[in-house]
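Please keep the model open while working through the numbered points.

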Amino acid sequence: MKVLKFGGSSVATSENIKKVLAIIDRASKNNKIAVVVSAFGKTTNNLLAGADEALKDINSAKETLQNLKELHFNVIDDLVFKNKKDVSKEVSSLFERLSSIYEGIFLLQELSDKTIAKVSSFGERLSSYIIANAAKQILDVNHKESRDLVITNDDFLNAQVDYKTTNKNISSFFKENKHQVTVLGGFISSNIAKETTTLGRGGSDFTASIYAAALNADELQIWTDVSGMFTANPRVVKQAFPISEISYEEAMELSHFGAKVLYPPTIQPALRKEIAIRIKNTFDPESAGTLICKNPENENEVKGISHIEDISLITLEGAGMIGIPGFSKRLFETLSVAKINVIFITQASSEHSICVGIYENDAIRAKDLLDDTFGVEIDKRKIKPIIVEKELAIIAIVGESMKNYQGLSGQMFSALGRNNVNIRAIAQGSSEKNVSAVINKYDAKKALNILHEQFFEEKIKQLNLFVTGVGNVGEQFLAQLQQQKEFLKENIKLNIRVIGIANSRKMTFNNDGIDLNNWKEALENGESATINSFHQKVKEANHRNSVFIDNTANQEVSEVYEKYLRESISVVTCNKIACASNYNNYKTLKQISRKYNASFLFETNVGAGLPIIDTLKNLINSGDRVQKIQAVLSGSLNFVFNNFNENSTFHDVVAAAQKEGYTEPDPKIDLSGVDVARKILILARESGNKLELEDISNKSFLTQDSLNTNNNDDFYDSLTKNEGHFQKIFKEADDKDCRLKYVAEFVDGKANVGLQHISSDHPFYNLEGSDNIVLFFTDRYPENPLIIKGAGAGADVTASGIFADVIRIANQ
């Protein structure tokens, strides 16, 4: 004997019911089966809505009833061909009774629990009758009213089952029943006075479990619209997958903490009889689903992750509680009498406080009741007034084998902490079947994805990027990401998604990841953007492992880094302004980065894609000390002076450098030496020195006329006007067989930048194109410096440096 239960989504339409009939047909080939069905779709909700409407407007209630009647008769027309007249007559009769009940509600202006139970019962009475008659056309089927078999107490809306009488009724009926298939309505029952009662939320599952236990069924199958119990809610965690096997206790824990596939009391009757429960998908019947049994073969330490939203924490605390018995009793007694369900409990070992989690819609009532219960102690200031915290959620990891593994709680809390998920309370039973934590409900989605990645995914780390600036560097960066996407997944187990992209005008977001083949089109069709609105959208997206990428040279963008870091969103930037701003701001960003466990990486601030800052950090972290730095740090200036001679004009060479993408958008920043000064300042600071930009001596080779310009056109005009000045500078170096290099130096706590004549025996002499070179003289490299040399400018190498910083974050 098997019991099959089909939920509301499985019987929502005629097409769905056809799938149900096919499943029943296959299941009944070798077994007698009992089929328990829910009401069609949202029928129960609509029946209750109609009852509420009947209190105010009987015509509105009858309109709701007419819509429901049409739905049910459409199913009859589609599926019932034999005895259609008799079936239609019985269904019409049921709707007439419903109409009479609505009229009674309107006339008496009363909607009691008894009436609500009676109204809501019609959904299953109708669905079971229609489905039974549809099945009769192809199978040996009869229909039986569950109200005749399942007997309860007088609690009309959440009835308690009289198992002794119910089991006797079920056994007797099925002993005499010779049909291969019996169709019954779920959710509904009756008391000993034959009055209709209901089994509460999830009652159809409960009904099926009651039948399975009473009949000692071989298996209880619960057919729904998902392929079993998942490792997490698949609507929230895209990577979630079905659990193949799970124990009764684990299933109950997951169900308690919000896994909606199963209603927790469902398991109880089957658990007592150790009847296997299988969760199956009506719309994918070949999928294995989830088997709930006594000894599951799946030995993963964590079986699933679940959560409950809209939770409030109620805290009772005060020094007057310490060593005084009875506070807990009075707390729980007050809530119990008011029928307020407690779903989370934690208490300080000092007895100074006790904290309980309840549903948010009970919070105000609970506070009022508890303030009254403990009014004397509150007035005498032995305890504080009841504290209520709202807009919370509970997350839980569940697994019967967790007790056999060390460090799972640590993994859970450290993973959440790394992503700025603040934990308000923690609870763990001594059986260690679950570890629960209360968090802000707005962090619930992020937390579930974090924990799923930690415990279930093939150690493929996911980074979620938010990119601002899609000019030369930004465009190259996105192209490199797209090119390497599959390689990163396969070789270093890294999945990088770009969730948001912005330029100075527009922004676009996709929480599942922007298609990098079409990002330009998506951005063009995006919404208007500001720096602050982009930040707000990133904050609202609230993804785990979030990284903000700044590909601009914009000061206003650099001023929001702190906001991102405080949200535990890492920052990667090629924008030098923040790290070259006042020292206190630089230190603040570094400190906040450490405090909120968010990386702040700016490798491309110096040397584009060259590992200059990373190498310097490794030297310092390993105990070395920097004595002197000499460097050519401007790829644009190196390009300019490598290509400028008596046969070219300074104007044309600078224009060529800008065209190649070697200069900043404002080339004066490069040629004035400000950009190089910023770079040597950053290296000095990363070496552990406190220095400001104004402390750096900058010997500019530009004329005052060029320095005073306010836009690029005027700047280029000044270069043409002062061509003689630049030719003179070149000739002075050429006459000495020297090359011109713009050199940055840091020594003895002081830094300077300026144009120098470099002789042929100097390491800088043969520096070609836009290359950079850095010489680190340290305690370990006092005579022969540590040299880093290579391309130091250009969109592609700068983009690769940003890419490298992103991978550094992934590897942390």
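1. Basis of the note. The structure is a predicted model, in which local features need pLDDT of at least 70 and side-chain atom pairs count only at pLDDT 80 or more, while totals for chains, interfaces and linings use all residues. Residues are numbered from 1 along each chain as its sequence is written, and side-chain values use heavy atoms, with hydrogens and water left out.

2. Overall dimensions. The C-alpha atoms of the protein chain fill a box of roughly 115 × 70 × 55 Å along the principal axes. The radius of gyration of the protein chain is 36 Å, whereas a compact globule of 812 residues would have a value near 28 Å. That radius is taken over C-alpha atoms, and the globule rule is 2.2 Å times the number of residues to the power 0.38.

3. Composition and contacts. The protein chain contains 29 helices and 30 strands; these are DSSP runs numbered from the N terminus, helices being H or I of at least four residues and strands E of at least two. Of its 812 residues, 55% count as buried, where buried means under 20% relative accessible area, exposed over 50%, and partly exposed in between (1.4 Å probe, protein chains only). Among contacts in the protein chain with a separation of 6 or more, 72% are between residues 24 or more positions apart; a contact means heavy atoms within 4.5 Å.

4. Surface and charge. The protein chain exposes about 35,500 Å², of which carbon and sulfur atoms supply 46%. Accessible areas come from the Shrake-Rupley method with a 1.4 Å probe, and for residues only the protein chains shown count as cover. There are 93 positive and 104 negative side chains, and the centres of the two sets lie 6 Å apart. Lys and Arg count as positive and Asp and Glu as negative, with His and the chain ends not counted; each charge is placed at NZ of Lys, CZ of Arg, CG of Asp or CD of Glu.

5. An open sheet. Seven strands form an open sheet with mixed pairing, in the order β21-β20-β19-β18-β22-β23-β24. Because β21 (527-528) and β24 (600-601) stand at the edges with a single partner strand each, one side of each is left without a neighbour in the sheet. Two strands are taken to pair if DSSP finds at least two bridges between them. Strands of a sheet pair through backbone hydrogen bonds, either parallel or antiparallel.

6. Strand β22 within that sheet. β22 (residues 546-550) runs parallel to β18 (residues 461-468), to which 5 bridges join it, and Asp550 in β22 is the bridge partner of Thr468. A further 4 bridges join β22 to β23 (residues 570-573), again in parallel. Val547 stands opposite Ser570 in β23, and Ile549 stands opposite Val572 in β23.

7. Cover of β22. Is this strand buried or exposed? It is mostly covered, with 5 of its 5 residues buried. In a regular strand the side chains alternate between the two faces of the sheet. In β22, Ser546, Phe548 and Asp550 lie on one side and Val547 and Ile549 on the other, and both faces are covered.

8. Positive phi values. Asn216, although not a glycine, has a positive phi of about 50°; its place is in the loop between α7 (203-214) and β8 (219-224). Asp310 also has a positive phi, near 60°, but its place is in strand β12. Asp310 is partly exposed, with a relative accessible area of 36%.

9. Glu377 lies in helix α12 (residues 375-379) and counts as buried at 13% relative accessibility. Not counting residues up to four places away in sequence, Glu377 touches Phe327, Arg330, Lys382 and Ile383. Ile322, in the loop between β12 (304-317) and α10 (327-337), is partly exposed at 45% relative accessible area.

10. Phe746. Where is Phe746 placed? Its place is in strand β27 (residues 739-747), and Phe746 is buried, with a relative accessible area of 2%. Leaving aside neighbours within four places in sequence, its contacts include Ile629, Ile680 and Leu691. The C-alpha atoms of Phe746 and Val150, 596 residues apart along the chain, are separated by 87 Å.
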